[in-house]
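Could you walk me through this model, one selection at a time? I have the viewer open and would like to know what to click on next.

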Amino acid sequence: MNLRKEFTKGFVKENPVFIMALGLCPTLAVTSSVENAIGMGLAATFVLTCSNMIISLIKNLIPDKIRIPCFIIVIASFVTIVDLSMNAYKPEIHKSLGLFIPLIVVNCIILGRAEAFASKNKLLPSLLDGLGMGLGFTLALVLIGSIREILGAGLWLGMKVMPDAYIDSPMLVAILAPGAFIIMGLLMGLIKLVNKGK
Amino acid sequence: MKYFLKLGFVLLLITVIASGILAFVNDLTKDRISENKEVAQKEARAKLFLQPVSFEENIINLPAKEQEINPLKKFEEPDSLEFVYYVGYNESGELDGYDESDELVGYCFMDSLYGYSSEVKTMVAVGLDFNVLKIDVIDQLETPGLGAKADTPDFEERFIGKNLSQMKVKKDGGKIKAITGATITSRTVTQSIAEGLKKLKKALGREAE
């Protein structure tokens, strides 16, 4: 098994958002600014890596018929532990990321990777798969977030990138919910087109 | 039959282990979490006044019908609700805390209402004339990029110097400019401040002003 390939496949070739179309709910919801996108992406990467590891460790103990509820319990407990300990020991980080942590439980990338990869593979490949998929997810969120924030607010990571006249009356639709659908659809189509050309 | 019992048993085992771990972590962290919240509130109170201020805590029970009760929580209507407010004194005296030479500078209270997707908590400082000195939205989980902007100084500044009669968003005939795309959140913050102001006036017996 090629370990490097397990790690890098999540970036473009099997990107969870653009290719597999997983985890679209958080993708649409939190990409209104780059800062939120990075926060959600990194928090999800952390949980995904850890839950992949634990599930690959206990995969032989779980009967096949009830694997899904078992995975959900593992993921939900893990998210709650992260939420509580971050709230207690790193309140300043929790203040900016706390919003996204409960959303991770319902992120289907995590359940998807547990089901498709971690429950069939050993510890190390599962860890790399989780890390790579998480970073691919982050990458996709930052890309969508950048476009939405630049068009919808004239800012990038809170810095001014457009002339003042644009910031006063930006293309507000980009930052609202319809903008998320439009921009994600266009990006997905573009990536399909590029892949087809190869 | 035996197989299905085994499935149930495994699921039970996993749930028991998971909830055991969670109970342990919760026990470990809950004191620190509430401590953090208290420290954050104390800091938020201190930041609302320009000068160093010491606070005296007052708790008063107001009849429940005076309170705006969240429609989602109707089942737990109590007879009276606690309202906590803080009286701020200028720290001129030698002693830490309140003493006779300290001058009354204003009041501070916290109120919350349910907004678009979460409970929005706002800390408010008012002067002796009941005009808002400063507000701070200390707790909210509104939509990122829209309602969550209530947390920014840009929005919080819009309340400075406003009194109770102006405490409505412009759409409803008041003086507060709502956040674009987040009228519900803006209305929630504005309403909770207005409610809190009413409660404060009632608690101080100065409803006429």
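A polar contact here is a pair of N or O atoms within 3.5 Å, where, within protein, one must be able to donate a hydrogen and the other to accept it. Keep in mind as we go that this is a predicted model.

**Stop one: the interface.** Select chain A and chain B together. Across their interface, 3 residue pairs are in polar contact, both residues being at pLDDT 80 or more. Salt bridges between chain B and chain A number 0. The two chains bury about 2100 Å² between them, and 78% of that is on carbon and sulfur atoms. In terms of contacts, 23 residues of chain B meet 25 residues of chain A.

**Stop two: the helix.** Now select residues 2–47 of chain B, which form helix α1. Its 46 residues reach 65 Å from first C-alpha to last, close to the 68 Å expected at 1.5 Å a residue. Centre the view on B:Thr29, where α1(B) has a kink of about 40 degrees. B:Thr29 is also buried, and other buried residues of α1(B) include B:Val25 and B:Ile33.

**Stop three: two backbone angles.** Most residues other than glycine have a negative phi. Go to B:Phe130, in the loop between β4 (119–126) and β5 (132–139) of chain B: its phi is positive, about 65 degrees. Is B:Phe130 buried or exposed? B:Phe130 is buried, with a relative accessible area of 2%.

Finish at A:Ala21, in the loop between α1 (3–8) and α2 (24–30) of chain A. A:Ala21 has a positive phi of about 55 degrees and is partly exposed, at 35% relative accessible area.

Key: Residues are numbered from 1 along each chain as its sequence is written. Chains are lettered from A and ligands numbered from 1 in the order in which they are written. This is a predicted model: local features need pLDDT of at least 70, side-chain atom pairs count only at pLDDT 80 or more; totals for chains, interfaces and linings use all residues. Side-chain values use heavy atoms; hydrogens and water are left out. Helices (H or I, at least four residues) and strands (E, at least two) are DSSP runs, numbered from the N terminus. The expected span of a helix is 1.5 Å times one less than its number of residues. The bend at a residue is the angle between axes fitted to the seven residues ending there and the seven starting there. Buried means under 20% relative accessible area, exposed over 50%, partly exposed in between (1.4 Å probe, protein chains only). Contact means heavy atoms within 4.5 Å. Buried area is the accessible area (1.4 Å probe) that two parts lose on being put together, summed over both. A salt bridge is a side-chain nitrogen of Lys or Arg within 4 Å of a carboxyl oxygen of Asp or Glu. A polar contact is a pair of N or O atoms within 3.5 Å; within protein, one must be able to donate a hydrogen and the other to accept it, and residues adjacent in sequence count only if both atoms are side-chain atoms.
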